Amino acid sequence: MAIRKIALNTGGGDAPGLNAVIRSAVHSALHRGWECVGIRDGYNGILEPDEYPHNGIIPLTHQSVRGITHLGGTILGTTNRGNPLNFPVRQSDGTYLEINRVDELLTRFHDEGIDALVAIGGDGSLKIANAFVEKGFPVVGVPKTIDNDIFGTEVTFGFDSAVSFATECIDRLHSTAESHHRVIVVEVMGRYAGWIALHAGVAGTADAILIPEIPYSIDKIAAKVIERDERGRHFSIIVVAEGAKPVDGETSIIGKSIGQAERLGGAGERIVHQIEALTGKESRLVVLGHLLRGGAPTTFDRLLSLRFGAAAVRSLADGMSGVMVGLEASQIHCVPFNEVAGKMRGVPTNSDIILTAKDLGITFGD
Ligand code: F6P
């Protein structure tokens, strides 16, 4: 079927580069003579009509995407509530029932004359996109997350921006830690993958890096701090991924709301108290949290986002569907959803970056 109109949406946590993907996809679609629209806030622009009195589907023109390549966030808005596969609906007794609203979305796409979708999001978004494809609706996915944990692409956009900012923060924390002879624990996001902690920790020359893929022994981290102290290095920087877990414990989860993924948190808090108790050194915690998601995309992320957006539209034009664009050996490729959805790409424990870190004297607490 010839495409005349496509929709774009952004789902899940935002990441620097979303706007660059949108601009690139819109330009690529318009110059093919297609019309382009954006769905607001994931799929909520359609699923929650009362919240969008002026329409949850907006036209995307050259004018609407002017000057946004370098801007953080997403002009379409995003959400990690309202997954159409398990949409929470409040019952009269106050409980929630999760219902599948995929057919409703497909009916609306049909009514709006939308022929295909570019779904920009993480693993959850790809699973939703796959449900459309299974019902015969064409979708191409674009992998987004600062966590860099999506299968089928060697890197996601947003990751480089998050790592660059985390590294700058670690650099800044070095001078104050050294001046005060303190231990500073820096917690970074990343969910169940340690990519951000590993890359920023090595680049920022941390003394210890704790990632979910390598459960740590707190005694080994404390020994590192004490050993440094004894050599006259009276400060230490410990970078902790939010998903890090001790050898005898689990990832620290602070909650889960209906229809959402569990929230991780508290990994740094746990460590800072233990290190202070074990070493006797004053220890402070800095949680970078959502700072890693904000701000402008780096040059690398802008270029990757522009490449992904254009590649997604090219793939649709070539008749492809049910695939995610990704990067393999620095080249764009397409991977079927069913080969990537539901799989997480963690840091391989034989990664040369881990080996490099160990050669540099950084401990992982293993
Ligand atoms: O997946 C991106 C991410 O920033 C994770 O690193 C983090 O655990 C999560 O999203 C936080 O989500 P929220 O913005 O809902 O707190």
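1. Buried here means under 20% relative accessible area, with exposed over 50% and partly exposed in between (1.4 Å probe, protein chains only). Strands (E, at least two residues) and helices (H or I, at least four) are DSSP runs, numbered from the N terminus.

2. Please keep in mind that this is a predicted model, in which local features need pLDDT of at least 70 and side-chain atom pairs count only at pLDDT 80 or more, while totals for chains, interfaces and linings use all residues. Residues are numbered from 1 along each chain as its sequence is written, and side-chain values use heavy atoms, leaving out hydrogens and water.

3. Now look at what sits beside β2. Strand β1 (residues 5-10) runs parallel to β2 and is joined to it by four bridges; L8 has G38 of β2 as its bridge partner. Between β1 and β2 the chain passes through helix α1 (residues 18-30), giving a right-handed β-α-β crossover. Right-handed means that, with the strands pointing away from the viewer, the path from the first strand over the helix to the second runs clockwise. Strand β3 (residues 57-59) is antiparallel to β2, with three bridges between them, and I39 is partnered with I57 of β3.

4. The largest nonpolar core has 67 residues, and I6, L8, V118, V142, F157, I237 and L292 touch the most other members. Such a core is a set of buried Ala, Val, Leu, Ile, Met, Phe, Trp, Tyr and Cys residues joined through side-chain atoms within 4.5 Å. Helix α5 (residues 159-180) contributes the most to this core, with eight residues. Why does this core lie between domain 1 and domain 2? Domain 1 (5-157 + 297-328) and domain 2 (161-292 + 348-359) both give residues to it; these bounds come from an automatic or database domain assignment. Another core, of 27 residues, lies apart from it and includes L106, I114, F132 and F137.

5. Finally, there is an open sheet of four strands in the order β9-β10-β8-β13, with parallel pairing; two strands pair if DSSP finds at least two bridges between them. Because β9 (208-210) and β13 (283-287) stand at the edges with a single partner strand each, one side of each is left without a neighbour in the sheet. Strands β8 (residues 183-188) and β10 (residues 236-241) run parallel and share six bridges, and E187 has V240 of β10 as its bridge partner.
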